[in-house]
Amino acid sequence: MVEAMTQSNYIDIEDLTVRYGGKAALDGVSISIPRNGVFAIIGPANSGKTTLLKCINRTIELEAGVSVKGRISIDGRDTRQIRDVYGLRRRIGMVFPLPVGLPLSIYDNVAYAPRMLKKHSKAELDETVERCLRQAALWDEVKDRLKSLGTLLSGGQQQRLTIARALSHDPEILCLDEFSIAIDPVTTMRIEDVLLELKKDMTIILVTNLVQQARRLSDNTCFLNMGKVVQDADTDTMFSDNPGNQLTYDYIHGVFG
Amino acid sequence: MPPTESVADDTKALTAARSSAAWQGTIRKVYRYLSERIIVGLIHLAGVSAIIFVFCIFYFVFREGWPFLRDSFDVKGFFLSEEWYPTSEVNRRYGILALLAGTGTVTLVAMLVAVPFSLGTAVFISQFCGKKAREVMKILIELLAAIPSVVWGFIGLMVMNPVIVKLTGAPIGLNVLNAGIIVGLMSVPIIVTIAEDAIRAVPDGFIEAAEALGATRWQTVYKVILPAAKSGLLAAVLLGVGRAVGETMAVLMCTGHSINIPFDGHPPYFHVLESVRTLTATIAAEMGEAPRLGANADGTYPVEAFHYQALFVVGIVLFAVTFIINVTEDLIVKGIRKEK
Amino acid sequence: MARIDTIQNMFAATDIIDVKLKTQRTVKWVFGSMSVVILIPLVVLTACLVVRAWPSLTWDFLTDIPKSGMRAGGIWPALVGTMYTVTFSLLIAVPVGVLAGIYLNEYARDNWFTRVVHLAVVNLAGVPSIVHALFGLGAFVVFAGLGKSVLSASLTLAIMTLPVIIVSTKEALLAVPATFRMACWNLGASRWQTIRTIVLPNSIGGILTGIILQVCRAAGETAPIMFTGAVFFKFVQRGDLFPYKPTEQFMALSYHLHTISTQVPGVPESMLYATAVVLLGFVLVFNTLAIVLRTWIRSRKKW
């Protein structure tokens, strides 16, 4: 249920610390993500970006030996207090770098989440499947073979299928973790265009190693390094010649990472 | 639906329709929630069922044998006496030494037959075989494992029996040798399977290193794979032993069923051509005749009742032996994992 | 050893290499013949059994009831009795075993309790069949008051086949990659929904294979049914499909083979062999079915 927005910040992450055994993957991270638009999170490998996404949709709880401290609230409500964690996950679409096609037909892949939610008529499902596949820039390639197995698609196609699945349950928040790794540049551009469309009514959290992608797409950017927030500001500032933080400048300009 | 007269009626009808759909949605949600909770509950219940059943087995076997343990049990007499006369009119004795010897000798012969052949087969299948041949061999081994024990007993009785008589001139062919060979053949599949797994679990790195140094296949097997897999091979043999110890029908039909310890001072010292009786066969053979009698008014049991109970105690001994073998084997396997 | 200083020398066979290769060849033959020796019994014995059983292997033999004190007639009551006990035992063992396997692979966390459950399954699998028989006697026949009956025997067989069904279910579930489950969880599916829609449908083949193999085992076992309900002789109508009530004693093929070969003198040899062949044939056919199923699953890999 989306309550009427009173605060300007949609997602508030307060002092999030995540430890795997002794090691801290995230250390005292505090970020505020505004409603709608693209929020990019950049940083080198192992900086905790994926862990952060897993905390937002609470799939971190499915891993063993992890301790999570801190608070994430969406629309003012603490996500950890929400009892229906599956409902929360349905409000959030998640795309991970590894393409995963479920061993179902392409149609059933995309229809999986809607079907689980409630009974749809065939027309509704058809329409949802087509819409999501179009948004994922996959429709043209598979429209004649919707019944074939999703696992038999190529890596890039499976990644787009994953994106289509993430969109299929109409999420308010879309999280993408390095989605373009397995996709060729042309298709990446098409999906980026879609993201620019979607960001008008959706909050998109884009985790990426490709700083230029962040620059193209995002309104705000956060730089995460070794589990800590280095800098969090609007994209123009971050990518300017004087972002205000030397580390940020160095990373963006390829000095390290 | 009756034709609506006013806007108010309109709104009412619309609200009614919407709430009925909402109600249906809620019912579906509740149904899904409840059915999922029930199923997950059943899953957890099933998960602990194995523990419950193991305890039940121990409890019920113990329960039936308990009066014997309490009233008529004497450790030395039970384990060290070879006089098993549970139905004697005048002097009932329950000594299982001869039964232990029977189980032990049959298992020994079985392992002497099974272990070399099984390990050789395991090495052959995993190292020296082509892929197609390996598939065929594994299928044949699996089919060998499927043969029921009563059919093995039948084979020992009808086929092995005359063969042994002809080859060795023994008066009857139902003896340690017969049962040993049959039980050995029965144990082969399990030893081969586990040994082959153990051999395949040797890290490829070891094998590649050996081959890089110019070793032939056999040298690799002999010097690298077998030592590396030795705990797994030991576990395989132990499982074979457990199988042999617990086997019932085949030994029932092939051992000749006489209370006898086949060792004595005359050569060849270990008389494999003599008949013996095992723990398992004793239970199987005598349980049909041992009556289950209730306690007397004062809580003691009539003497005839002890036979039934003593057989349960023999069962406890068997359970204990196989339990120890299983735990040892499990510890060995865990020991390997720790080393890795 | 000659110095290897030219490439040609390196590839020339030296004496030592000759010996090594010869040893290898010998060893290969030795082990190969060991394998063949093991498998000869399977083939030779089956052939021998069939040959000796041939005169009695008729349709009448299967459908007729034993006559003249087992010395003539057929094995119908035993055949039907086995089918009953196997079916009942599966009706109990399969749901419990599959659910327990699901628990072990999908719900159990990596802690001491799971290790205890695992240990219990392993130990349950290692219990000798005669101890299962004693348990069945003490628990179902006596304690639960079911008496010697189809029910008691089936329950005993169920507990005996349970551990292997649990383990093969767990293995079949394990073969489904974890990435599928993660993808479903990220879509908001619960564990059970994921299992129901993706994991189970893709592991059902492996589970079925394990079940079929246990059918073979349940049909062939004698000891567990010996004191829990199997009986020497029961009068039954020829060809009757429902001859036993669940609370009655019954005849079973495995036990029947045992009694006629050890306790009934004068049974014609071909009848003895025929009984053995029917039992062995049933078991081998189902086992082959399981193997075929397993191979078929492997060939139509979906990922």
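**Contacts between chains**

Modeller: Between chain A and chain C, 19 residues of chain A are in contact with 16 residues of chain C, where contact means that the C-beta atoms of two residues, placed from the backbone, lie within 7 Å. This is a predicted model, in which local features need pLDDT of at least 70 and side-chain atom pairs count only at pLDDT 80 or more, whereas totals for chains, interfaces and linings use all residues. Residues are numbered from 1 along each chain as its sequence is written, and chains are lettered from A and ligands numbered from 1 in the order in which they are written.

Colleague: Which elements give two or more residues to the side of chain A that touches chain C?

Modeller: Helices (H or I, at least four residues) and strands (E, at least two) are taken here as DSSP runs, numbered from the N terminus. By that assignment, the elements of chain A that give two or more residues to the side touching chain C are helix H2 (85-91) and helix H3 (106-117).

Colleague: How many nonpolar residues has the side of chain C that touches chain B?

Modeller: Here 70 residues of chain C are in contact with 68 residues of chain B, and helix H2 (residues 15-53) of chain C gives the most to that side of chain C, with 18 residues. Ala, Val, Leu, Ile, Met, Phe, Trp, Tyr, Cys and Pro count as nonpolar, Asp, Glu, Lys and Arg as charged, and the others, Gly among them, as polar. On that basis the side of chain C that touches chain B has 3 charged, 16 polar and 51 nonpolar residues.

Colleague: Are H4(C) and H12(C) roughly parallel or oblique to each other?

Modeller: Helix H4 (residues 76-107) and helix H12 (residues 253-262) of chain C pack at an angle of about 140 degrees, with their axes 7 Å apart; the axes are lines fitted to C-alpha atoms, for helices over the stretch in contact, and angles run from 0 to 180 degrees between N-to-C directions. Angles under 35 degrees count as roughly parallel, over 145 as roughly antiparallel, 65 to 115 as roughly perpendicular and the rest as oblique. H4(C) and H12(C) are therefore oblique.

Colleague: Is Arg58(A) buried or partly exposed?

Modeller: Arg58(A) follows H1(A) and lies in the loop between H1 and strand S4 (66-74) of chain A, and its phi is near 65 degrees, a positive value in a residue other than glycine. A residue is buried if 20 or more other C-beta atoms, placed from the backbone, lie within 10 Å of its own, exposed if 12 or fewer, and partly exposed in between. With 19 other C-beta atoms within 10 Å, Arg58(A) is partly exposed.

Colleague: How many residues of helix H1 (residues 49-56) of chain A are buried?

Modeller: The buried residues of H1(A) include Leu52(A), Leu53(A) and Ile56(A), along with Lys49(A) and Lys54(A). The helix is mostly covered, and of its 8 residues the number buried is 7.
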